[in-house]
Amino acid sequence: MSVRAAGSTGKLAGRTALVTGGGRGIGRGIAERLGREGARVAVHYGSDEASAKATVASIEEAGGAAFAIGQELGVPGDAAALWEAFDAHADGLDILVNNAGIGASRPFATIEEAEYDRIFAVNTKAPFFLAQLGAERLRDGGRIVNVSSGLSKAAAMPELIAYAMSKSALDAFTRYLSKVLGPRGITVNTVAPGIVDTDINAGWLRGDADAWAGAAAMAALGGVGTPPEIADVVAFLVSDDARWVTGDWIDATGGSLA
């Protein structure tokens with residue numbers, strides 16, 4: 001089965017990418033950006049099939065190629081089932097973007113064990129086994145990007161302790177996996193966004209002028225991030241231009257950590 005989109009051009013022409021959580025927010029921005037660069041994009045979704053299909057349609061309308069695959073993450077056998085769905089559409093992989101993630105804002109004393117386990121299962125365990133089982137599909141010279149969070153290195157926010165811990169574990173995974181896959185020319189990097197204007201953040205960010213101003217003031221660049229801005233960083237890391245960058249943690253917070 002050919003993985004090249006007919007007539008595709010761009011830096012990623014002829015390559016196949018998988019973006020987990022690619023139907024919304026940052027994931028959608030990444031999927032659309034890679035599609036514009038010529039990659040054939042597998043848009044993964046957990047439960048929101050409509051959003052994933054909308055992302056596929058957006059990529060196709062722009063002249064790219066994409067398909068949607070659904071699989072809940074954070075459950076036993078999730079990685080194997082996701083790759084089985086992927087294999088029905090493509091015969092190899094060049095780019096894996098572990099973007100899907102969940103979090104909860106809770107006081108430390110109220111976080112229950114099941115919620116803690118769920119956060120780590122989606123944010124840390126799923127990327128681990130997606131990379132492990134995906135390694136046999138990933139072509140030499142391929143790319144893995146793990147989407148983390150500036151919270152793993154920012155000033156501590158106690159109500160996000162479990163989420164930040166899970167992302168810190170993902171950061172460590174990036175460094176170690178880069179050593180494992182480096183001999184094959186495969187790079188592994190982390191992109192860490194700050195506050196980004198997505199539908200997930202809409203409830204507290206868009207409708208509150210003070211919240212928006214406070215978020216913008218945190219960034220040295222004086223604004224709130226957008227999915228396309230994060231996607232541009234990912235597009236660089238998966239391109240040939242970043243072939244000598246691996247095991248790194250890329251601050252994409254707009255200078256919130258400065």
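Which backbone nitrogen lies 3.0 Å from a polar atom of the side chain of Ser149? The backbone nitrogen of Leu151 does.

## Basis

This is a predicted model, in which local features need pLDDT of at least 70 and side-chain atom pairs count only at pLDDT 80 or more, while totals for chains, interfaces and linings use all residues. Residues are numbered from 1 along each chain as its sequence is written, and side-chain values use heavy atoms, with hydrogens and water left out.

## Ser149

Ser149 sits in the loop between strand 5 (138-147) and helix 5 (161-181). Helices (H or I, at least four residues) and strands (E, at least two) are DSSP runs, numbered from the N terminus. Ser149 counts as buried because its relative accessibility is 7%; buried means under 20% relative accessible area, exposed over 50%, and partly exposed in between (1.4 Å probe, protein chains only).

Not counting residues up to four places away in sequence, Ser149 touches Tyr163, Lys167, Ala192, Pro193 and Trp249. Contact means heavy atoms within 4.5 Å.

## Nonpolar cores

A nonpolar core is a set of buried Ala, Val, Leu, Ile, Met, Phe, Trp, Tyr and Cys residues joined through side-chain atoms within 4.5 Å. The largest has 29 residues, of which Ile30, Leu34, Val41 and Val97 touch the most other members. Elements giving two or more residues to this core include helix 1 (25-36), strand 4 (93-98) and helix 8 (227-237). Helix 8 gives the most, with 5 residues.

A second, separate core of 24 residues includes Trp83, Ala100, Ala131 and Phe173.

Note on methods
Polar contact = N/O pair within 3.5 Å; in protein donor to acceptor, adjacent residues only side chain to side chain.
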